[in-house]
Amino acid sequence: MIRVTNLRWSTILFDFDGTLGNTIPLILASYRHTIERFGLEAADDATIRSWIGRTLPDMFTELVGADRAPELVDAYSAWQTDHVAEHLVAYPGIDELLVDLAAAGARMGIATSRRRASAESLATALGLHAHLPLLVAMEDSEHHKPHPAPLLLAAERIGADPADCVYIGDAVVDLGAADAAGMAGIGVTWGAGLPDAMRALPSIGVVDTVDQLRALLLTD
């Protein structure tokens with residue numbers, strides 16, 4: 001294994017869904033279940049993928065209105081909790097990357113739009129807690145990506161200057177939030193985002209593989 005010695009950024013913050021773990025099949029199935037259960041207009045996978053990165057309350061408020069949204073959020077969340085084992089998939093190489101980043105001295109954390117209990121449960125299922133504390137979840141911030149507030153709060157909680165941070169995510173809202181927060185941003189294409197749309201935004205780069213991400217984060 002290549003010995004890594006230097007970090008380009010001292011603090012590395014990650015989105016969760018579609019970045020650290022392949023929750024996309026789980027999210028798609030959860031939305032399809034909720035849409036069918038409540039008799040909403042059917043949505044194809046491409047449409048549902050475009051919703052990923054937004055909070056469930058925001059998304060369901062848009063679909064059914066603020067009065068009905070909590071009921072749909074609860075139904076979605078309950079179904080998802082019961083079907084994690086069927087749909088959650090680890091991304092090959094992520095564990096090894098996190099080990100190398102930790103060995104190089106990186107401070108790391110997660111800033112996600114997922115609710116805390118759900119994010120904690122999925123992170124535990126993927127074995128991510130050894131190196132990645134969950135710094136910011138949906139409940140922690142009044143504003144959400146692409147607003148910079150969640151990322152700035154994560155930097156504050158980990159004790160870092162935003163200028164010393166990089167934020168890694170799979171969607172345009174992630175890169176938009178990083179830019180607005182004064183952080184470097186890196187997009188990954190193995191999640192739900194559209195690569196061309198991400199490449200149109202300011203960022204350090206958009207990568208297709210974990211090895212390419214490693215090359216941006218570490219120098220030998």
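By class, how many nonpolar, polar and charged residues does the lining of the second largest pocket have?

Analyst: The model is a predicted one. By class, the lining of the second largest pocket has 8 nonpolar, 2 polar and 3 charged residues. That makes 13 lining residues for this pocket, and its volume is about 220 Å³. Lying nearest the centre of the second largest pocket are R49, S50, A192, G193 and L194.

Two helices, α2 and α9 (172-181), each supply at least two residues of this lining. Helix α2 gives the most, with 3 residues. This helix covers residues 45-51.

A46 also lies in α2. Is A46 buried or exposed? A46 counts as exposed because its relative accessibility is 56%, and the cut-off for exposed is over 50%. The C-alpha atom of A46 is separated by 9.9 Å from that of G193, although the two residues are 147 apart along the chain. G193 is one of the residues nearest the centre of the second largest pocket.

The largest pocket can be set beside this one. Its volume is about 300 Å³, and 23 residues line it. Nearest its centre lie D17, L56, Y76, S113 and R114. The elements that give two or more residues to its lining are α1 (24-37), α4 (69-82) and α7. The largest share, 4 residues, comes from α4. By class, the lining of the largest pocket has 8 nonpolar, 8 polar and 7 charged residues.

Strand β5 (residues 107-111) pairs with β6 (residues 134-136) in the parallel sense over 2 bridges, and in β6 the bridge partner of A111 is V136. Between these two strands the chain crosses through α7 (residues 116-126), and this β-α-β crossover is right-handed.

Strand β5 has another parallel partner, β2 (residues 11-14), with 4 bridges between them. Here I12 stands opposite M108 of β5. Strand β5 is mostly covered, as 4 of its 5 residues are buried.

To return to the part you asked about: the second largest pocket has a lining with 8 nonpolar residues, and α2 gives the most to that lining.

Technical notes
Residues numbered from 1 in each chain as written. Predicted model: local features only at pLDDT ≥ 70, side-chain atom pairs only at ≥ 80, totals over all residues. Heavy atoms only, no water. Buried < 20%, exposed > 50% of the residue type's maximum accessible area, 1.4 Å probe, protein only. Pairing = 2+ DSSP bridges. Right-handed = clockwise from strand over helix to strand, strands pointing away. 1 Å grid on protein atoms, 1.4 Å probe; cavity = no way out; pocket = protein on both sides within 12 Å on 5 of 7 lines; lining within 4 Å. Points joined across faces, edges and corners; volume = space filled by probe spheres on them. Nonpolar A, V, L, I, M, F, W, Y, C, P; charged D, E, K, R; others polar.
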